[in-house]
Amino acid sequence: MVKDKMLYDFDKHLDEVYGKLGTQSREAFRKNVTAYREMIEKVDKELGMEKIETEEQRDWAEKRVNELADMMDENTPIHNRISVELELLTLMIMDYDEE
């Protein structure tokens, strides 16, 4: 990787925030990121749609977002199924509304 033109050294950032590679804190971060990515893929597949295309789908998604929001609290982890579905549906609604 060419580092002389980088505006920001992300590896350094990860080292500072989560610890150096091989440390317990960095490994915990890696596991959380992996779990989050896997949950996104799973929920995306379960939803059966990549984007909202009709007003009916949008209404369903908005209702589901409200249901999911009621299930969340400040202790809900980001890689939890509820968090991921909420995020994906919210982004789909925003994309639909922008079109």
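**Burial, charge pairs and confidence**

Analyst: Arginine 58 is buried, since its relative accessible area is 13%. The classes are buried (under 20% relative accessible area), exposed (over 50%) and partly exposed in between, with a 1.4 Å probe and protein chains only. Arginine 58 lies in helix H3; helices (H or I, at least four residues) and strands (E, at least two) are DSSP runs numbered from the N terminus. This is a predicted model, in which local features need pLDDT of at least 70, side-chain atom pairs count only at pLDDT 80 or more, and totals for chains, interfaces and linings use all residues. Residues are numbered from 1 along each chain as its sequence is written, and side-chain values use heavy atoms, with hydrogens and water left out.

User: How far apart are arginine 58 and aspartate 97 in sequence and in space?

Analyst: They are 39 residues apart in sequence, and their C-alpha atoms are 8.9 Å apart in space. Leucine 47 belongs to helix H2 and is buried, with a relative accessible area of 17%.

User: How many salt bridges does the structure hold?

Analyst: A salt bridge is a side-chain nitrogen of Lys or Arg within 4 Å of a carboxyl oxygen of Asp or Glu. The structure holds 10 of them. In one, aspartate 15 pairs with arginine 26, and the closest N and O atoms are 2.7 Å apart. Aspartate 15 is in helix H1 (residues 10-18) and arginine 26 in helix H2, so this pair ties together parts that are 11 residues apart in sequence. Aspartate 15 is partly exposed, at 26% relative accessibility, whereas arginine 26 is buried, at 9%.

User: Which residue meets glutamate 99 in a salt bridge?

Analyst: Lysine 51 does, at 3.3 Å from N to O. The pair links distant parts of the chain, 48 residues apart: glutamate 99 is in the segment after helix H4 (81-98), and lysine 51 in the loop between H2 and H3. Glutamate 99 is exposed at 67% relative accessibility, while lysine 51 is partly exposed at 40%.

User: Where do glutamate 67 and arginine 64 lie?

Analyst: Both are in helix H3, three residues apart, which is about one turn of the helix. Salt bridges that share partners join Glu46, Arg64, Glu67, Arg81 and Glu85 into one network. Within the pair of glutamate 67 and arginine 64, the closest N and O atoms are 3.2 Å apart. Both count as partly exposed: glutamate 67 at 33% relative accessibility and arginine 64 at 21%.

User: Is glutamate 50 buried or exposed?

Analyst: Glutamate 50 is exposed, with a relative accessible area of 72%. Its place is the loop between helix H2 (24-47) and helix H3 (55-71).

User: What does pLDDT say about the protein?

Analyst: pLDDT is the predictor's confidence in each residue, from 0 to 100. The protein has a mean of 85, and 93% of its residues reach 70 or more. Among its elements, H3 has the highest mean (93) and H2 the lowest (85). Where pLDDT is low, the predicted coordinates should not be read in detail.
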